[in-house]
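Trainee: Can we go through this one together? I'd like to start with the ring pairs and then move to helix packing.
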Amino acid sequence: MNVRPRSYGYAMATLALLLVVGWVGRHTWQELRHLHRSFLSLEADSFHLSEYVEASVRDLSETVWRFDRRRNPADRAAFQRGSQDLKQWIRVRHDTATTPQQSQLMGKIESAFEVYVSQVTPLLDERTQPGTPASAISVQESLENTAVPILELCAKLKAAERAAQAQFMRDSQRALGWVQQLLIVALTLLVVLVGTGVVAIYRGVIGPLRVELGESRARAARQEKLASLGTLAAGVAHEIRNPLTAINVRLHILKKSLQENSSEQEDALVIGHEIQRLERIVQDFLQFARPGEPKLLIVSADSLLAKVHSLFCAQLEKASIRLNVESVPDVWVLGDPHQIEQVLINLIQNAAESMEKGGTITLRVRTGTARLAGRTRPVVIIEVNDTGTGIPPEVQKRMFDPFFTTKEEGTGLGLAIAARIIETHGGALECRSQVNRGTTFTILLPDTKS
């Protein structure tokens, strides 16, 4: 079994799945980087700039109002420190603004705050007398009016912060969605890869091993049966041959005393024909049960085909059957030439019998690889292809069984003997057939180079 196409398909599927994971992962990484940049740009107080400015301005106004009431130099000093710190803080936030809108608003707030400080500073003059309740109200109104532009800008900044926060949440949800999709895709692909890997390993390793184990057990059981059958066959053949020989001798003597063209002579001819048929069955049975050991020689596959071609060519032409040979030079096999020729003769005869109105038989030899004796190895492939009627599927299942035949006068041992001969050579005999399209018998023999 050649698992390269399956391995190649598995590798391509794995590559495609990895490309999909890479594509999803790339987009997810981009989203996470964008989210990370947004998160870094939004510092702890980035969502509260407006609140901080608003609260600071109100504290400064409160400090001015207290100074107006108490004329405490500490309040004036607190205002100066607070206004300087807030101004510096606004300038820093202006320079590090994350969005154009936020930068623009912080610039306006910075300008408005400078105006605010310039308008409020005169209220901190110590030479002025503490205000009356009426003047205190006037100072408070002045402070509120002075702070209005800043507070309005803070309101706009607050709206911008809410928009930025909403955008950040949308980006977060999108990034989390990509992460979720990546996890789902990765998990799905992991399951697919594991499943495909298990299937590939089963089909490429475990499946063939199970088939091979089953075939080995079947071969062992068959060899055991054949061994017992061989012992039985020798005794049965001996017991049958002796009576057949005696009957044949008596029949030969009886024929001399019979008149020609008489009914008794016709009966004798029929009996003689059946005796010959029994002898042939016994001989085939012995050959199947106890085949002779092959005398292995290194022979040219081309010479084997040429010999059987010369043997059958003239005979098949009379039946309108063309016998072609397609061979490759310098192809050698290790085998018994007589036994391999016997197999080829049997296959050619079967092919000729399947073509009642003529056709073509092609003998073909080539090299390749196949699984023999539990491993993939180089082999010599000899094919006998015909354009006959083909073999029905139900017959193909039993065609190598001993004594199974569809011929009226067949013994059902021809293909069984052929398969046994090829097996003793360490090879295999296979068959492919389609009804009304022809049949191809394939002989697989170990290559002498392996």
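**Rings and helix packing**

Mentor: Start with Tyr52, which is partly exposed at a relative accessible area of 41%; buried means under 20%, exposed over 50% and partly exposed in between, with a 1.4 Å probe and protein chains only. This is a predicted model, where local features need pLDDT of at least 70, side-chain atom pairs count only at pLDDT 80 or more, and totals for chains, interfaces and linings use all residues. Residues are numbered from 1 along each chain as its sequence is written, and side-chain values use heavy atoms, with hydrogens and water left out.

Trainee: How many aromatic pairs are there?

Mentor: Two aromatic pairs. Rings of Phe, Tyr and Trp (its six-membered ring) pair if their centres lie within 6.5 Å; planes under 30 degrees apart are stacked, over 60 edge-to-face, and the rest tilted. Tyr52 and Trp89 make a tilted pair, with 4.3 Å between centres and 40 degrees between planes.

Trainee: Which helices do Tyr52 and Trp89 lie in?

Mentor: Tyr52 is in α2 (residues 49-70) and Trp89 in α3 (residues 73-95), so the pair ties together parts that are 37 residues apart in sequence. Helices (H or I, at least four residues) and strands (E, at least two) are DSSP runs, numbered from the N terminus.

Trainee: Is Trp89 buried or exposed?

Mentor: Trp89 is buried, at 13% relative accessibility. In the pair of Phe113 and Tyr116, the ring centres are 6.0 Å apart and the planes at 25 degrees, so that pair is stacked. Both residues are in α4 (residues 100-120), three residues apart, which is about one helical turn. Phe113 is buried at 1%, and Tyr116 is buried at 0%.

Trainee: Switching to packing: at what angle do α2 and α4 cross?

Mentor: Their axes cross at roughly 0 degrees and come within 12 Å. Axes are lines fitted to C-alpha atoms, for helices over the stretch in contact, and angles run from 0 to 180 degrees between N-to-C directions. That makes α2 roughly parallel to α4 (angles under 35 degrees; over 145 is roughly antiparallel, 65 to 115 roughly perpendicular, the rest oblique).

Trainee: Which residues make the contact?

Mentor: Among them are Val53, Val57 and Leu60 of α2, and Met106, Phe113 and Tyr116 of α4. Contact means heavy atoms within 4.5 Å.

Trainee: And the whole chain: how many helices and strands?

Mentor: The protein chain has ten helices and seven strands. Of its 450 residues, 34% count as buried.
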